[in-house]
Structures are given as C-alpha cells and as structure tokens.
Amino acid sequence: MVQSVELLFDEATDVAVRAEWQRLWDAGLPSRTRVRAMSNRPHVTLFAARHIPTEIDELLGRQIATPSFHVRLGGLVMFGSGHVTLSRLVVPSRALLSLHRTVFDLAERAAEVPPHIRPGEWTPHVTLARRLPADQIADAARLLDGGDIIGRASVVRRWDGDAKREWVLTAPP
C-alpha cells in the first residue's frame, strides 16, 4: 500500500467533486463514488511514499501552516492506457506549488518515494475514476463538461493505506 500527505478542500468544492463522481456512477461508469469509506474524499496528493515515519509526521504537523488559498480544478486528464485514471487537473498556483515544495522537502527522506511526486515531475490532480475503459472516455468527458470548479484549500491530512487510517496535520481554517 501507500502512505500520503493530501490537500483537502472546503465543503463546497468537496460537494462539487462528489457531484461529478455521482454523475459518472449514475451513467454506469467507474467512479470514486464506488468507494464507500468515510476516508474517501476528493483531494490532491502532495506526497506519497511506501512508508512515512512518525518523525516526519511530527515535523509536518509543526511546519505546515493551515492552507487557505483558492484552487481551480480545470480540464480533464487521463493517466495510463487501456483502462485509465480519469482526473481533473488542478491549476498550479504559487500557493499550491509552495505547499507541495514544503511538504516534499520535509518528507523526501521517507521510504520509496515515486519519481512522479517530485517537484518538477508532479501533476496536481483530483481523481474522478479509476480503471475507466478507453472506449468510455468520451462518454465520461461529455458528462463532466461543466467548466472549472473554483474553491478553496482547507486542510492537509495524512493517509495510511496500510492501516486504512487518516488524520489531519493542519487545523481547519
């Protein structure tokens, strides 16, 4: 499994992304709505690694300020081929890139950090569906052609995929 540091959104942005998840689901397409766990939330992964030690968690908790900046979820992007991960790009603002760099610099000594999470390689996005067959991409895109979602960053959380546990690193705004 994986452990991660993730940026969550304000309630209105969370609701808007969940509505897109639901539109896909209602059309019989793969969607993140399928995952019913309370921890399944729209988010931007700021950092991921095989294991993030406790001392890095403590450092992140002390050093990361509560995010309070606008976010723009823009166009669609697909990762993979055959069966793709469908996502919305997150427009990289100065505040988002600064937060990503700070989190990466504090956590980079964690175990097995994938290269795509490094500054300069990272593509900020919000996942809408996993394992979407390539022949359904056009159908999904038609359902989600409602323009950008503009909202706010809210908190930074930690996710431990091994323990299926989440916790907040920053106080809510």
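**Exercise 1. How many of the 12 residues of β6 are buried, and which strands pair with β6?**

Solution. This is a predicted model, in which local features need pLDDT of at least 70 and side-chain atom pairs count only at pLDDT 80 or more, while totals for chains, interfaces and linings use all residues. Residues are numbered from 1 along each chain as its sequence is written, and side-chain values use heavy atoms, with hydrogens and water left out.

Step 1. Helices (H or I, at least four residues) and strands (E, at least two) are DSSP runs, numbered from the N terminus. A residue is buried under 20% relative accessible area, exposed over 50% and partly exposed in between, with a 1.4 Å probe and protein chains only. In β6, 10 of the 12 residues are buried, so this strand is largely enclosed by the rest of the structure.

Step 2. Two strands pair if DSSP finds at least two bridges between them. Strands β1 and β6 run antiparallel and are joined by 6 bridges, with Gln-3 having Asp-160 of β6 as its bridge partner. Strand β3 (residues 70-79) also runs antiparallel to β6, with 4 bridges, and here Leu-73 is partnered by Ile-149.

Step 3. The pairing of β6 with β7 is antiparallel as well and has 4 bridges, and Asp-160 stands opposite Arg-165 of β7. The hairpin of these two strands has 4 residues between them, and Lys-164 takes a positive phi near 55 degrees there.

**Exercise 2. Find which residues of α3 are buried, and work out where they lie around its axis.**

Solution. Step 1. Check the length, taking the expected span as 1.5 Å times one less than the number of residues. For the 14 residues of α3 (residues 94-107) this gives 20 Å, which agrees with the 20 Å between the end C-alpha atoms.

Step 2. The buried residues are Leu-96, Leu-99, His-100, Val-103, Phe-104, Leu-106 and Ala-107. They cover an arc (taken from the directions from the helix axis to the C-beta atoms) of only 165 degrees, which puts them on the same side of α3.

Step 3. Recall the general rule: an α-helix has 3.6 residues a turn, so residues three or four places apart point the same way.

Step 4. With contact meaning heavy atoms within 4.5 Å, the buried residues of α3 pack against β1 (3-9), β2 (43-49), α2 (54-63), β4 (83-90) and β6 (149-160).

**Exercise 3. Describe the two faces of α2 and how this helix meets α3.**

Solution. Step 1. Ile-56, Asp-57, Leu-59 and Leu-60 are the buried residues of α2. Seen down the helix axis, they fall within an arc of 165 degrees, so they line one face. The face turned away from them carries the exposed residues Thr-54 and Arg-62.

Step 2. Axes are lines fitted to C-alpha atoms, for helices over the stretch in contact, and angles run from 0 to 180 degrees between N-to-C directions. The axes of α2 and α3 are 9 Å apart, and the helices pack at an angle of about 145 degrees. The contact is made by Ile-56, Leu-59, Leu-60 and Gln-63 of α2, together with Val-103, Leu-106 and Ala-107 of α3.

**Exercise 4. Is Glu-112 buried or exposed?**

Solution. At 62% relative accessibility, Glu-112 counts as exposed. Glu-112 is found in the loop between α3 and β5 (125-133), and has a positive phi of about 55 degrees although it is not a glycine.
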